[in-house]
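Hi,

Here is the structure I said I would pass on. Have a look at it first, and then read my notes below.

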Amino acid sequence: MATRPAEIGPAGIQAARNIERLRLARALSQHQLAERCTALGRPLTNTAVSRTERARRRCNVDDLVTVAATLGVDPRDLLPQWTAPGVVCRSTAQPLGLIQEALLG
């Protein structure tokens, strides 16, 4: 019996968008990003980068940290910009509780 891959949630989708946005801002192709990640010790193919950016592949923490280093950003810059409970979300100026409710149902 084949198992179905776990669905990628809103945080994963936002990370995928941020990876693509920052990669394009640095004028890097997916192939170049993959090569640079591999050179840092985290082997990635351009297919893996493409699937990650399209939210068809999970970006695990090792991938996230390596991609961030390759793009010259803090790993937090690839994640949704949330703050502590009760504090306003930096990226949307919405209370975090509303965002959590929207994400978690």
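To start with: how are helix 2 and helix 3 oriented to each other? Keep in mind that this is a predicted model. The axes of helix 2 and helix 3 (residues 46-53) cross at roughly 115° and come within 8 Å. Angles of 65 to 115 degrees count as roughly perpendicular, so helix 2 and helix 3 are roughly perpendicular to each other. The crossing of helix 2 past helix 3 is right-handed.

If you want to see who meets whom there, helix 2 brings Gln 30, His 31, Leu 33 and Ala 34, and helix 3 brings Asn 46, Val 49, Ser 50 and Glu 53. The residues of this contact split into 3 nonpolar, 4 polar and 1 charged.

Next, helix 4, which covers residues 61-71. After helix 4 comes Gly 72, which has a positive phi, near 75°. The buried residues of helix 4 are Asp 63, Leu 64, Thr 66, Val 67, Ala 68, Thr 70 and Leu 71. What covers them includes helix 1 and helix 2 (30-39).

Is Asn 18 buried or exposed? Its relative accessible area is 6%, so Asn 18 is buried. Leaving out residues up to four places away in sequence, Asn 18 touches Asp 77, Leu 78 and Leu 79.

Cheers

Notes
Residues are numbered from 1 along each chain as its sequence is written. This is a predicted model: local features need pLDDT of at least 70, side-chain atom pairs count only at pLDDT 80 or more; totals for chains, interfaces and linings use all residues. Side-chain values use heavy atoms; hydrogens and water are left out. Buried means under 20% relative accessible area, exposed over 50%, partly exposed in between (1.4 Å probe, protein chains only). Contact means heavy atoms within 4.5 Å. Helices (H or I, at least four residues) and strands (E, at least two) are DSSP runs, numbered from the N terminus. Axes are lines fitted to C-alpha atoms, for helices over the stretch in contact, and angles run from 0 to 180 degrees between N-to-C directions. Angles under 35 degrees count as roughly parallel, over 145 as roughly antiparallel, 65 to 115 as roughly perpendicular and the rest as oblique. A crossing is left-handed if the near helix is turned anticlockwise from the far one by less than a right angle, and right-handed if clockwise. Ala, Val, Leu, Ile, Met, Phe, Trp, Tyr, Cys and Pro count as nonpolar, Asp, Glu, Lys and Arg as charged, and the others, Gly among them, as polar.
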